[in-house]
Amino acid sequence: MDLNKTNQWLTVITNIGVIAGIGLLAYELNQNSELMRAEMHAIRAEAKTERQMFLANDGVISAISAKLFAAGYPQDRAAINSLSYEERFRLAIFIEGFKEAVANWHYQCQERLLDQELCDAGYPSEARSLLIQARAMGVELTNMRRSFILDLRRIAKEEDLPMPNEDGTWPE
């Protein structure tokens, strides 16, 4: 009889230990998720800072942008014609990189890897800028995720901005 009671108590203690272990595992997984989100924030911020510092210190894209704005861009899309072939090429390459950064931001927001407040405040602004610049330079979005293109189309429609076709090309 004592052996039976001892087994029952050992079973209860074992079950409590298993439940405590599962609780601890869930807590650690939650902490790991929070650390991953924090790391994603840091990586995004670092990449944006690096890009801004490069633009400020390199001077080439800044000079091209200043020339464009002086010619009436973005209100006057014909201002692009004031750029040399080399300047347009450099700007297109820059916009290709910017496109990748905005697409990555969209993905991180979609996967909830970034804080929702940051996604609501920052991503749409970057997406608007991308729509205007990519259209002006004819940089297509054809190699991007479909969900990203559809989201850009939504933003374009809501804000009366240039809207890419569903396949990422620009209308004629």
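This is a predicted model: local features need pLDDT of at least 70, side-chain atom pairs count only at pLDDT 80 or more; totals for chains, interfaces and linings use all residues.
**Entry 1: helix 3 by itself**

I started with helix 3, which covers residues 85–110.

Next I asked which residues of helix 3 are buried. My list has Glu 87, Leu 91, Phe 94, Ile 95, Phe 98, Lys 99, Val 102, Ala 103, Trp 105, His 106, Gln 108 and Cys 109.

**Entry 2: helix 2 against helix 3**

I moved on to helix 2, residues 60–70. Its axis and that of helix 3 are 10 Å apart, at an angle of about 110 degrees. Angles of 65 to 115 degrees count as roughly perpendicular, and helix 2 and helix 3 are therefore described that way. The crossing is left-handed.

Who makes this contact? Helix 2 brings Val 60, Ile 61, Ile 64, Lys 67 and Leu 68, while helix 3 brings Glu 87, Arg 90, Leu 91 and Phe 94. I sorted these residues by class and got six nonpolar, three charged and no polar ones.

**Entry 3: helix 3 against helix 4**

Helix 4 runs over residues 116–137. The axes of helix 3 and helix 4 come within 9 Å and cross at roughly 150 degrees, so the two helices are roughly antiparallel. Here, too, I noted a left-handed crossing.

From helix 3, the contact takes in Arg 88, Leu 91, Ala 92, Phe 94, Ile 95, Phe 98, Lys 99, Val 102, Trp 105, His 106 and Cys 109. From helix 4 come Leu 118, Cys 119, Gly 122, Tyr 123, Glu 126, Ala 127, Ser 129, Leu 130, Gln 133, Ala 134 and Met 137. By class, I have 15 nonpolar, four polar and three charged residues in this contact.

I then picked out Ser 129, which sits in helix 4.

**Entry 4: the loop between helix 3 and helix 4**

Glu 111 lies in this loop. With 41% relative accessibility, Glu 111 counts as partly exposed. Its C-alpha atom is 16 Å from that of Met 144, a residue 33 places away along the chain. Also following helix 3 is Arg 112, with a positive phi near 60 degrees.

**Entry 5: helix 4 against helix 5**

Helix 5 spans residues 146–159. Its axis comes within 10 Å of the helix 4 axis, and they cross at roughly 85 degrees, which makes this pair roughly perpendicular.

On the helix 4 side I found Tyr 123, Pro 124, Ala 127, Arg 128, Leu 130 and Leu 131. On the helix 5 side are Phe 148, Asp 151, Leu 152, Ile 155, Ala 156 and Glu 159. Nine of these contact residues are nonpolar, three are charged and none is polar.

My last stop was Asp 160, in the segment after helix 5. Most residues other than glycine have a negative phi. Asp 160 is not a glycine, yet its phi is positive, about 55 degrees. At 70% relative accessibility, Asp 160 counts as exposed.

Definitions and conventions:
Residues are numbered from 1 along each chain as its sequence is written. Side-chain values use heavy atoms; hydrogens and water are left out. Axes are lines fitted to C-alpha atoms, for helices over the stretch in contact, and angles run from 0 to 180 degrees between N-to-C directions. Helices (H or I, at least four residues) and strands (E, at least two) are DSSP runs, numbered from the N terminus. Angles under 35 degrees count as roughly parallel, over 145 as roughly antiparallel, 65 to 115 as roughly perpendicular and the rest as oblique. A crossing is left-handed if the near helix is turned anticlockwise from the far one by less than a right angle, and right-handed if clockwise. Contact means heavy atoms within 4.5 Å. Ala, Val, Leu, Ile, Met, Phe, Trp, Tyr, Cys and Pro count as nonpolar, Asp, Glu, Lys and Arg as charged, and the others, Gly among them, as polar. Buried means under 20% relative accessible area, exposed over 50%, partly exposed in between (1.4 Å probe, protein chains only).
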